[in-house]
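Me: I'd like to learn how to read a chain and its interface from a model. Could you walk me through one?

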Amino acid sequence: MIEATAAQLGLIACHVCELVSRPPARAAACACPRCGARLYSRKPDSIARTWALLMAAAILYLPANIAPVMITTSIFGTQRDTLLSGVAYLWTSGSWPLAVLVFVASILVPLLKLLALSYLAATAQRRSRVRQRQRTRLYRMLEYIGRWSMLDVFVVMVLVALVNVGALANIQAGAGAMWFGAVVVLTMLASMSFDPRLIWDRAKYRDG
Amino acid sequence: MFSLVWIVPLIAALIGGWLAWKAVSEKGPTFVIRFKTAEGIEAGKTKIKYKSVDVGAVESIELSRDRGVVLVHARMEKYAEDYLVKDSRFWVVRARVTGGNVQGLGTLLSGAHIGMDVGKSADATREFTGLEEQPIVTADVPGRHFILKSKTLGSFNAGSPVYFRKIAVGEVESYGLDGDGKGVTSRIFVRAPHDQYVNRETRFWEASGIDLKLDATGVSVETESLTSILVGGIAFQTRGDGKDTEPAAEDAKFRLFRNRVTALAYRDVVVMPFTLRFRESVRGLSIGAPVDFRGIVMGEVTDIRPQYENEETYMVVFANLYPERMASRQIGEPKRLKRGFSREQVIDELIETGMRAQLRTANLITGQRYVALDSFKDAKPDTVDWKESPPRFPTVPGTFTGVAENIAQITKKLSAVPFDDIGKDLKRGLETLDRTLKSVDKLAKRVGSEIAPEVRESLVALRSALATVERTVTEDAPLQQDARAALREVARAAASLRVLVEYLEQHPEALIRGKPEEKQ
């Protein structure tokens with residue numbers, strides 16, 4: 001099996017139409033000859049962007065967990081629920097599977113995503129050759145389950161739309177939902193801006 | 001070199017920093033409220049409300065070290081920091097139904113919350129003692145508090161209405177025993193602008209329940225309102241026109257009268273205390289009993305005490321006399337006083353003319369008694385020693401006592417009679433009599449045995465003598481016959497004499513001329 005990367009061969013795959021082309025050497029920027037999209041061998045400024053988005057997400061992760069996600073107003077009074085208090089409520093009221101699901105989706109996954117992406121970005125920056133396969137698998141998993149984090153936001157959205165009985169009961173989205181949504185979006189953007197090929201770049205250089 | 005993407009975390013950092021700063025700066029102060037019980041209070045949930053606006057929330061609840069009270073740690077909103085002053089009050093709002101109103105119904109569903117009343121003090125504090133009951137009046141309601149003193153509580157309660165001309169203008173805020181336990185002090189609140197009607201001449205009375213009165217005009221029922229029948233209340237009114245008096249100050253003290261009549265009655269300014277010394281029992285005379293002058297109450301009994309003096313026990317009755325009642329108020333001051341007599345001199349004069357105090361029975365069934373002032377023409381002369389304090393008013397024994405005394409005197413005389421000696425004499429006399437009777441008996445026996453036969457003989461002789469007499473005087477006895485013939489002769493002679501006398505009466509000349517010949 002011939003082991004060679006496109007970059008080594010001077011080829012660039014268009015990230016839109018997947019056409020592999022050979023751009024003129026030392027061209028600062030060139031377009032795909034077929035679809036006209038911008039061509040680049042690696043996502044430009046990938047590590048820095050990932051870091052920036054990760055940091056933003058990490059900062060917003062705190063208010064997302066402290067501020068109330070859902071404000072329930074009923075004749076019995078007003079209740080403000082944060083992500084954790086919602087999980088705690090589900091747990092104490094006996095809905096353990098649901099509690100575990102919400103906990104995993106809303107708290108564990110974003111946190112793991114932040115940590116995992118940080119790890120990936122750090123190792124890619126250091127051009128580490130440690131467990132490159134696992135790191136790639138980790139990246140694929142992150143991409144896959146990242147969208148699940150929006151579960152809580154969807155729940156709040158649906159409840160806000162459904163429960164609106166005037167004075168009897170009313171549910172509003174709290175500021176926490178906004179911060180949480182921002183965290184999820186930012187981590188998704190971060191994982192998108194991370195170029196998994198960077199995991200292998202140095203290794204191939206070394207090996208090759 | 002510098003990527004634009006770094007703006008994103010910068011913005012995130014700014015937002016995060018702003019949120020953090022906001023959270024820290026908006027975090028109000030924490031404070032502690034002590035409650036006897038944490039009933040209805042939940043950590044993290046129970047809100048603190050002022051005028052139904054959330055101004056804080058309970059953060060945690062713990063017991064005090066000695067387990068005596070519950071310490072409720074709460075956090076105030078930033079803007080409400082100034083509300084935590086010394087005289088701010090906290091209480092737990094629960095659903096409450098009293099006779100007059102229903103409060104806190106909303107808490108049935110939403111759970112209790114902590115109510116707050118912001119004080120007016122400027123001293124900030126972080127430690128409060130929660131009220132057990134919701135205060136009736138909050139500090140922001142304009143009006144004035146007044147303090148009412150009474151002997152007993154009466155039938156009102158905290159929250160009972162205060163009426164002025166049958167309009168509810170305030171509430172009874174609280175009540176409690178005096179420090180010495182000798183009376184009850186109630187605090188009432190009269191809302192503005194009605195508080196201006198309370199002045200020095202204002203009288204308060206218990207407007208509780210129904211005042212049923214039976215007098216010469218018939219039966220009259222008086223009450224303030226249906227609510228006051230149920231929950232009691234206090235009413236007030238100002239005596240006179242009250243125009244020239246200033247409104248009473250905050251926390252001014254008033255006496256609480258039992259009813260409207262006593263409240264609006266004339267209040268005696270001049271009080272003359274006297275002592276009345278009675279030798280008789282004062283049973284039936286109670287403190288507060290009237291001192292009555294021919295049907296008009298002139299004073300009242302304030303105290304009764306026995307006193308031992310000069311080897312004699314007196315019942316000393318302390319009484320207050322209200323000399324002003326002697327003078328008709330329409331006339332003004334008594335004329336005597338205008339002439340320069342003092343009240344003491346007037347009383348001296350009255351006593352000189354025979355005025356005395358006497359215990360009388362007001363009710364024969366219950367035995368209640370009162371002190372009557374009246375004139376006794378034959379009373380022993382007496383005077384008041386004004387140097388004594390209080391001076392002694394002369395008394396005479398009561399009417400009942402007079403009778404009793406007479407009986408006592410009779411008894412005394414009776415007991416002076418030497419019944420023992422009389423008895424002995426009587427006994428001796430009876431013995432003598434007995435002896436006499438015995439000798440009489442002996443005599444009689446002797447009469448029976450010795451004298452009786454002789455008597456019989458005498459009787460027989462007597463009978464024969466009588467028979468002789470009888471024989472002599474029977475009709476056909478010769479003596480009888482002779483006597484009868486003789487009498488007949490006498491009768492005839494008398495008839496002839498009568499004829500003669502009659503003839504002589506008609507013809508007195510016949511004595512001289514003789515009887516004329518009858519002409520035929």
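Reply: Gladly! Chain B has 10 helices and 25 strands, where helices (H or I, at least four residues) and strands (E, at least two) are DSSP runs numbered from the N terminus. This is a predicted model, so local features need pLDDT of at least 70 and side-chain atom pairs pLDDT 80 or more, while totals for chains, interfaces and linings use all residues. Residues are numbered from 1 along each chain as its sequence is written, chains are lettered from A and ligands numbered from 1 in the order written, and side-chain values use heavy atoms, leaving out hydrogens and water.

Me: What percentage of chain B is buried?

Reply: Buried means under 20% relative accessible area (1.4 Å probe, protein chains only). In chain B, 30% of the 520 residues qualify.

Me: How much area do chain B and chain A bury between them?

Reply: The size of an interface is often given as the accessible area lost when the parts come together. Here that is about 1200 Å² (1.4 Å probe, summed over both parts), with 82% of it on carbon and sulfur atoms. On the chain B side, Val5(B), Trp6(B) and Leu109(B) lose the most area, together 35% of what that side buries.

Me: Which elements of chain B supply at least two residues each to that side?

Reply: They are α1 (7–26) and α2 (107–110). The largest share, 7 residues, comes from α1(B).

Me: How many salt bridges are there between chain B and chain A?

Reply: With a salt bridge taken as a side-chain nitrogen of Lys or Arg within 4 Å of a carboxyl oxygen of Asp or Glu, the count is 0.

Notes:
Buried area is the accessible area (1.4 Å probe) that two parts lose on being put together, summed over both. Buried means under 20% relative accessible area, exposed over 50%, partly exposed in between (1.4 Å probe, protein chains only).
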